[in-house]
Amino acid sequence: MSDLLSQDEIDALLRGMSETSSSPTISDQDKDVLGEIGNISMGTAATTLSILLNQKVNITTPIVSILKWEELPKEFPVPYVAIKVVYKEGLDGVNLLILKKEDVEIIADLMMGGTGQIEFTEELTELQLSAIQEAMNQMVGSASTSLSSMLNLKIDINPPEAFVIDFAQNAEEMIPELKRADEIVKVAFRMTIGDLIDSQIMQLIPVDFAKQLVDAMLKNTLGTPAQIEVSAQKQQEAAKEEVPKQPSSQSTKTQKAAPQPSYTPPKKEQPQQVYNVSPVQFESFDEEEERRYPENIELILDVPLEITVELGRTQKLVREILEFSTGSIIELEKLAGEPVDILVNGKVIAKGEVVVIDENFGVRITDIVNPSNRL
C-alpha cells in the first residue's frame, strides 16, 4: 500500500500532464514563419521611421529564439526601454518591443530636430519617452497595416505605451502577460540608423500569441485542409488536360512536302525627323523656395520643442570669469539694436526683436531663416 500514490499526488500529476499537452510549442518551421512575418512588417516600419527621422533606416536579419521568463534578467541585464503593443481586433495578444536606452536617446533627439550627436544621460526624460512613444506609434501602425495585408485580417491596436523596464525588478508588474506565458519568443532584428546607430531592436511575444500569428499566416497562405485538397485535385486535372497530342505521320509528311516560301518585305524609306531645339533655362537659386511641409507632418505635431531666444554670445578666459563680481558688465558680440536669434532645439530658425508684454519679456519675429541656410 505504501507504493500507491495519494489522491493529491494523482491530481498534481494529471494537472502537469494536461498543462504539458495543452501548452503550445514552436517548431523550426514556426520560427521561419515568424522570421518572415517580422522581416516584412519591420521593413515597412523602417520606412516610416526613416521618414520621421530624415535618416536612412534599415531593420533586417531577424533571429528567432525561445526564452523562459526566468531567463529574461540574464538576457537583458541592464534597463531597457519597452514599447507595449496590445492588439484589440483581428488578433488577441500582446507584443513587446525592446530598445536600448542609448538608441532611444538618439532617436528622440532626431525626432525633435537634433543631429543625434548627444551626450547620454543616466535617466530618460518625459520628453524623450514622449518622442520615442510617438515614433513607435507610427512604426507599429505601419507594421500592423502590413501584417493585416499578410494575414488578410482587419487588425487594430491600442496606442503603444513606452516605459523603462528592468527585468530584474519591475518586469512582473509592467508586463504580466509575459509572466503568465510558459515560453516567450524573442525575435531580434539588426537596426541601423544612418551613421548614428548600429544596434538591435527586439520583439518579445508570448508563445501562444506567436502560434496564433503562425496559424493565421499559414491559413492565409495555404488555406484550410479542405481547400488544399480541392486545389490539389484541380492541379491534377489541369495537368492531364495540358498533355500535348502526338501529330499523325500523314500530317507530318504533308508538312515536309510543302515548305513555306520565304518572303522579304521591301524596305520603307524612313521619313526625315524634325527636332525642335531651344536654349536650356536654369532655375535661379537666389529665389526663396516655396515653403512645403511633409504630408505626414501631423504625425509629430504634439511633440514638444524647446525655444530659446539668444541675445548674444562672447568668449572669456578663465581668469576673466574668476574676476566676475556683482555689478560686472559682460559685453556681447552683437551690436545694439541688432535682431536677436530665435532657436528651436539649438538651431536658428528666425530673427526677432525683444518686446515687453505685461511686465514679461517677449520676442516679435521679424524674419524667418531660409531652410537652406539653417545647415
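## Glu-183 and its partner

In this predicted model, Glu-183 is partly exposed, with a relative accessible area of 22%. Its side chain forms a salt bridge with Lys-68, and the closest N and O atoms are 3.6 Å apart. Lys-68 is partly exposed as well, at a relative accessible area of 33%.

Where do the two residues sit?

Side chains of opposite charge can pair when their charged atoms come close.

Glu-89 and Lys-154 meet in one of them, at 3.8 Å from N to O. This pair also links distant parts of the chain: Glu-89 belongs to strand β2 (residues 80-89), Lys-154 to the loop between α5 and β4 (156-157), and they are 65 residues apart. Glu-89 counts as partly exposed because its relative accessibility is 32%, between the cut-offs of 20% and 50%. Lys-154, with a relative accessible area of 63%, is exposed.

Asp-198 pairs with Arg-190, where the closest N and O atoms are 3.0 Å apart. Here Asp-198 is exposed at 54%, and Arg-190 is partly exposed at 44%. Elsewhere, salt bridges that share partners join Lys-334, Asp-341 and Lys-351 into one network.

## Inside the protein

Beyond its neighbours within four places in sequence, Ile-201 is in contact with residues including Met-42, Ile-59, Leu-97, Met-139 and Phe-189.

## A helix and what follows

Helix α2 (residues 28-53) has 26 residues and reaches 36 Å from its first C-alpha to its last, close to the 38 Å expected at 1.5 Å a residue. Just after α2 comes Asn-54, which takes a positive phi of about 55°.

## A nonpolar patch outside

On the surface, Leu-311, Ile-321, Phe-324, Ile-330, Leu-332, Val-354, Val-356 and Phe-361 form a nonpolar patch, with about 790 Å² of accessible area together. Phe-361 lies in strand β11 (residues 360-368). Is Phe-361 buried or exposed? Its relative accessibility is 73%, so Phe-361 counts as exposed.

Notes. Residues are numbered from 1 along each chain as its sequence is written. This is a predicted model: local features need pLDDT of at least 70, side-chain atom pairs count only at pLDDT 80 or more; totals for chains, interfaces and linings use all residues. Side-chain values use heavy atoms; hydrogens and water are left out. Patches are made of residues with over 30% relative accessible area and no salt bridge: like charges are joined within 9 Å, nonpolar side chains (Val, Leu, Ile, Met, Phe, Trp, Tyr) within 5 Å. Accessible areas come from the Shrake-Rupley method with a 1.4 Å probe; for residues, only the protein chains shown count as cover. A salt bridge is a side-chain nitrogen of Lys or Arg within 4 Å of a carboxyl oxygen of Asp or Glu. Helices (H or I, at least four residues) and strands (E, at least two) are DSSP runs, numbered from the N terminus. Buried means under 20% relative accessible area, exposed over 50%, partly exposed in between (1.4 Å probe, protein chains only). The expected span of a helix is 1.5 Å times one less than its number of residues. Contact means heavy atoms within 4.5 Å.
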